[in-house]
Amino acid sequence: MSTTRTTQRSTWRVVDIVIASVIAVASGVVFWAWSASYGLFSLAFTAFPPGTALLTGLWLFPAVLGALIIRKPGAALFCEVLAAVVEALLGTHWGMPVLISGLVQGLGAELVFALFRYRRWNLPVALLAGLGSGLFAGLSEAYVVGSVAEYTESMKLFHVGATAVSGLVVAGLLSWWITRALARTGALSNLASRRAHLEPALAVRK
Amino acid sequence: MSAAANGRTAPLTRQGVEISARGFTWQHAERDRPAIAGLDVQIPAGQKVLLLGPSGAGKSTFLHALAGVLEVDQDAGPTGELLVGGQDAFACSFPVGLMQQDPETQVVQSRVGDDVAFGAENLGVDPQEIRERIPQALDAVGLGALGYEHRTQELSGGQKQRLALAGILAMRPGLMLLDEPTANIDPGSIPPLRDAVIGAVESTGATLIVVEHRLEAWARQVDRVLVLAPGGGIAHDLQPEALAGDAAVRAELAQAGVWIPGYVPQTSPAPRAGGAPMLHAEELVCARGEHAVRTAPASFEVTGGRALVIRGENGAGKSTLALTLGGLLEPVSGQFAASPQLADGLPPSPFSWKAGALVARIGSVFQEPEHQFVTQSVREELAFAPLRARHGAAEEQKYDPRQVEVRVQELLERLGLQDLAEANPFTLSGGEKRRLSVATVLAASPDVVILDEPTFGQDANTWRELAQLLIEELAESTAIIAVTHDEHFAAALGADELVLAPAEVAATRTSSGPMLDAPVGDSWLAKINPLAKFGAIAGATMPLISTVDWVSAAVVIAATLLMLPLAGLGIGGFFRRGWPLLAAGVLAAWGIALVGQDSGRVLLDLGIFDITEGSVAGGVATGLRALAMAVPMVLLLSTTNPSDLGGALSQQLKVPHRFVLGALAGMRLLGLMVEEFTTLTLARRARGIGNLGTVRQRVGAKLGQLLALLVQAIRRAGRLATTMEAKGFGTGQRTWIRTATFTRRDGAVLAAGVLLGAAAIAAAIWAGTYNLIW
């Protein structure tokens with residue numbers, strides 16, 4: 001029997017690539033669609049713009065979601081960068097820096113999954129990945145790319161903290177919940193995460 | 001290359017391949033029994049075969065196995081033997097064409113010419129040869145009039161299927177596999193597609209296997225009919241004539257839900273008596289949005305106990321009318337009013353009703369059942385609308401929870417879904433989903449039920465159950481409105497007919513949402529290599545990261561504005577594209593002014609925060625810097641097609657083409673997803689989810705909508721990946737018909753960008769404003 005189509009656990013199949021890409025694009029659509037109702041939100045934050053950091057997690061969730069669904073090395077990075085490309089193409093967000101942000105944010109999540117050798121996809125790992133992504137985003141904005149470089153030192157710390165918490169809750173928890181809900185619908189049947197809804201939230205996968 | 005050996009001028013000639021299965025069995029992962037078991041069949045080269053069988057008999061699995069797109073892993077695999085042209089099918093030695101039913105996922109690329117070439121490129125065919133095949137293939141499917149640059153997103157469903165066929169023909173396959181190719185296209189588009197298929201296989205000699213539910217179109221055109229048995233193997237091996245003559249075979253196929261020619265399922269007669277008036281429309285004009293195409297005015301009356309069928313050409317706006325009648329869209333002009341009996345104490349405009357009041361009065365069933373699912377089980381799904389239904393002017397609860405339980409139980413029994421009560425709605429079969437989506441609406445017993453193409457793609461059994469269900473509703477004095485092409489369905493319901501005249505403006509399929517592949521025009525910059533432009537922008541903006549000052553930012557912004565004519569943009573067009581960036585820049589500036597590092601005179605004291613000269617200067621610099629880093633991208637975006645950027649990335653930077661083209665294929669679905677998201681919003685209201693409610697309910701509703709979008713998107717992506725694999729994607733070395741080049745002019749653009757970045761920094765240092773942020 002020929003086994004030419006048998007694939008390694010870590011290599012990307014065409015279906016992995018296309019689904020990862022669609023997750024990124026769907027995230028872009030949601031950002032675009034919600035930005036209308038989000039107008040009210042940002043108006044509320046106009047009084048205190050640093051508060052928008054609390055919403056950053058929304059922009060980080062493609063990274064964690066993509067990795068939890070695809071379960072391949074590089075998925076977090078790929079999805080987050082592609083989501084950033086889509087945002088840039090739609091012209092809803094900052095040109096070149098959005099690509100750098102995508103890279104940095106994706107890397108933050110990717111490193112966490114790599115730390116667990118791409119073998120654990122449970123709730124704590126998802127939360128950590130969200131946290132990692134948020135931490136990277138916050139640190140980069142405060143100290144590297146410097147979009148908030150002019151903040152006072154304490155405000156920079158607030159910014160990093162708020163972004164990290166947002167990443168933990170929105171990107172981490174939300175992505176984990178959505179992955180399980182998706183698995184329940186049978187939509188993930190040809191992916192490594194097809195049994196995500198049956199896996200315990202905390203235990204280690206064998 | 002064997003393809004090239006066919007000669008330049010030869011028409012599409014190639015011998016078909018034979019197929020041989022011996023004891024072939026396929027086991028999917030996580031299934032109890034194999035999808036195909038012990039299949040023995042021989043199909044000679046060039047034969048045209050119609051493949052039938054009840055759902056679950058493994059028809060699609062068999063086609064996917066022949067196309068070599070089934071994945072073998074530790075849980076899934078074949079036993080026995082399946083040969084295509086004498087070679088193992090899983091080795092993919094021959095190009096095989098596969099067409100599936102969803103037109104959206106049969107097209108891979110965003111431009112017509114590229115899409116036709118896609119499969120041949122993957123097979124490594126010489127680009128010169130491919131360029132000659134493209135017009136031949138497009139002519140063969142009757143799309144010769146389309147330009148190569150035509151956007152594939154603008155094609156109708158039937159055209160997309162024919163384009164996919166052209167792409168298959170350009171691969172010169174010896175075997176063509178069609179999996180319900182006409183299930184999702186309107187009846188008028190079926191004959192041209194069918195004729196294109198038959199013409200192509202006859203001129204190339206390719207072997208053809210078609211799976212279809214509706215046999216009318218194919219029965220006369222094929223050589224042989226194979227009927228798969230549910231347990232495995234072949235139940236019947238027939239001459240096509242038997243479909244018309246053999247009563248036993250006809251009865252058996254009808255039992256399995258197959259649409260045999262000349263068969264209409266039996267239903268009880270529809271009641272003829274009309275009841276109370278429900279809806280009244282006078283010169284009603286509808287549209288999806290402010291700038292969308294408007295429907296022709298329509299005047300009509302909807303009465304209880306009667307069915308009304310809405311007909312009209314594609315693009316006439318039948319679905320838009322249905323959404324308006326359902327109280328989901330606001331009428332553009334004319335009169336549209338609910339009768340006092342239907343309104344039940346509320347004002348006459350259904351659009352003004354709250355979602356809970358709406359579901360108790362008018363129910364809307366969407367074309368795609370999954371758009372309407374909002375819960376995690378069939379039982380909850382049925383209970384959802386009645387629990388939210390409100391009646392009377394005071395909007396009291398229509399049913400108490402006890403009554404709801406009784407209604408749900410009744411409906412489960414009526415639909416034969418008792419055993420599936422706890423199943424996730426998304427996991428049901430196509431027919432079960434359709435019945436469930438209708439039942440979820442009937443559950444709140446509205447007086448008017450509106451259905452959009454309810455019988456589209458359904459087998460004869462689901463069709464009969466659906467018609468029977470609606471006839472029973474008519475007997476209960478419910479008014480039924482259906483958008484449908486299906487004459488038998490209209491006849492079964494004894495329906496009146498409303499023909500919607502074509503919309504005034506020719507309905508060009510313009511998408512109202514964002515586009516990723518908007519036309520780029522033919523400006524000077526449009527001809528520059530995308531990577532050169534990208535590099536130039538990086539060179540100009542990346543140095544700005546090192547500093548927060550207004551001088552370097554101003555230099556870059558000024559230079560960008562000066563270059564607008566090169567991109568064919570006026571200042572107006574620039575602001576239309578760039579205004580969100582401006583808004584973001586202002587917000588960033590305000591943030592810094594508020595909490596930035598303070599120095600100098602205090603301008604405003606806000607308690608814990610001060611606005612000072614220093615923080616305002618910091619804010620202005622931050623805002624300008626953000627703008628300067630963002631706006632040059634407008635030059636790239638307005639002059640670059642993402643496909644060209646992808647091609648350059650892959651060919652010149654050697655980014656693996658699987659990732660680049662895989663990403664582009666996914667991105668092509670953007671417009672579709674935006675449409676879907678809008679539809680999902682309407683579908684939520686149709687299920688009784690309003691804009692109001694507790695924070696928890698609203699967050700829940702948003703998450704549910706996100707989930708539904710992702711389910712659709714992931715399913716689509718799976719089918720798209722199958723299409724791409726069937727077109728030989730990702731296996732070997734590919735060729736490109738569009739070769740990316742890097743000329744001296746491209747080099748000059750790149751250098752200009754880098755120089756600009758250096759000049760901006762130099763200006764800031766010279767002006768003394770440069771400050772390193774690290």
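Biologist: Let's start with helix pairs. At what angle do α24 and α25 of chain B cross?

Modeller: Remember it's a predicted model. The axes of helix α24 (residues 670-686) and helix α25 (residues 695-726) of chain B cross at roughly 135 degrees and come within 10 Å. An angle over 145 would count as roughly antiparallel and 65 to 115 as roughly perpendicular, so α24(B) and α25(B) are oblique to each other. The crossing of α24(B) past α25(B) is right-handed.

Biologist: And which residues of α24(B) make the contact?

Modeller: From α24(B) you get B:Met673, B:Glu676, B:Phe677, B:Leu680 and B:Arg684. A handy general idea is that an α-helix has 3.6 residues a turn, so residues three or four places apart point the same way.

Biologist: How far apart are the axes of α2 and α5 of chain A?

Modeller: Helix α2 (residues 56-70) and helix α5 (residues 123-144) of chain A have axes 9 Å apart, and they pack at about 135 degrees. α2(A) and α5(A) are therefore oblique to each other, and their crossing is right-handed. Click through A:Thr56, A:Gly57, A:Leu60, A:Ala63, A:Val64, A:Ala67 and A:Leu68 on α2(A). Facing them in the contact, α5(A) has A:Ala126, A:Ala129, A:Gly130, A:Ser133, A:Gly134 and A:Ala137. The contact of α2(A) with α5(A) holds 8 nonpolar and 5 polar residues, with no charged ones.

Biologist: Now the interface. How many residues of each chain are involved?

Modeller: The size of an interface is often given as the accessible area lost when the parts come together. Here we count residues instead: 49 of chain A are in contact with 70 of chain B. On the chain A side, the elements giving two or more residues are α1 (14-46), α3 (75-90), α4 (95-115) and α6 (153-185). The largest share, 14 residues, comes from α1(A). That side of chain A splits into 31 nonpolar, 15 polar and 3 charged residues.

Biologist: What about the nonpolar core: which residues have the most contacts inside it?

Modeller: The largest core has 318 residues, and the ones with the most contacts inside it are A:Val18, A:Val64, A:Leu182, B:Leu66, B:Ala166 and B:Ile481.

Biologist: Is helix α12 of chain B enclosed or open?

Modeller: Count its buried residues. In α12 (residues 378-388) of chain B, 10 of the 11 are buried, so the helix is largely enclosed by the rest of the structure. Among the buried ones are B:Arg379, B:Glu381 and B:Arg388. The cover includes α11 (355-361), α13 (401-415) and α14 of chain B.

Biologist: Last one: which phi does B:Glu395 have?

Modeller: B:Glu395 has a positive phi of about 55 degrees, though it is not a glycine. B:Glu395 sits in the loop between β16 (390-391) and β17 (396-397) of chain B. With 17 other C-beta atoms within 10 Å, B:Glu395 is partly exposed. B:Ser445, also not a glycine, has a positive phi of about 35 degrees. Look for B:Ser445 in the loop between α14 (430-442) and β18 (448-452) of chain B. B:Ser445 counts as buried, because it has 20 C-beta neighbours inside 10 Å.

Notes:
Residues are numbered from 1 along each chain as its sequence is written. Chains are lettered from A and ligands numbered from 1 in the order in which they are written. This is a predicted model: local features need pLDDT of at least 70, side-chain atom pairs count only at pLDDT 80 or more; totals for chains, interfaces and linings use all residues. Axes are lines fitted to C-alpha atoms, for helices over the stretch in contact, and angles run from 0 to 180 degrees between N-to-C directions. Helices (H or I, at least four residues) and strands (E, at least two) are DSSP runs, numbered from the N terminus. Angles under 35 degrees count as roughly parallel, over 145 as roughly antiparallel, 65 to 115 as roughly perpendicular and the rest as oblique. A crossing is left-handed if the near helix is turned anticlockwise from the far one by less than a right angle, and right-handed if clockwise. Two residues are in contact if their C-beta atoms, placed from the backbone, lie within 7 Å. Ala, Val, Leu, Ile, Met, Phe, Trp, Tyr, Cys and Pro count as nonpolar, Asp, Glu, Lys and Arg as charged, and the others, Gly among them, as polar. A nonpolar core is a set of buried Ala, Val, Leu, Ile, Met, Phe, Trp, Tyr and Cys residues joined through C-beta atoms within 7 Å. A residue is buried if 20 or more other C-beta atoms lie within 10 Å of its own, exposed if 12 or fewer, and partly exposed in between; C-beta atoms are placed from the backbone.
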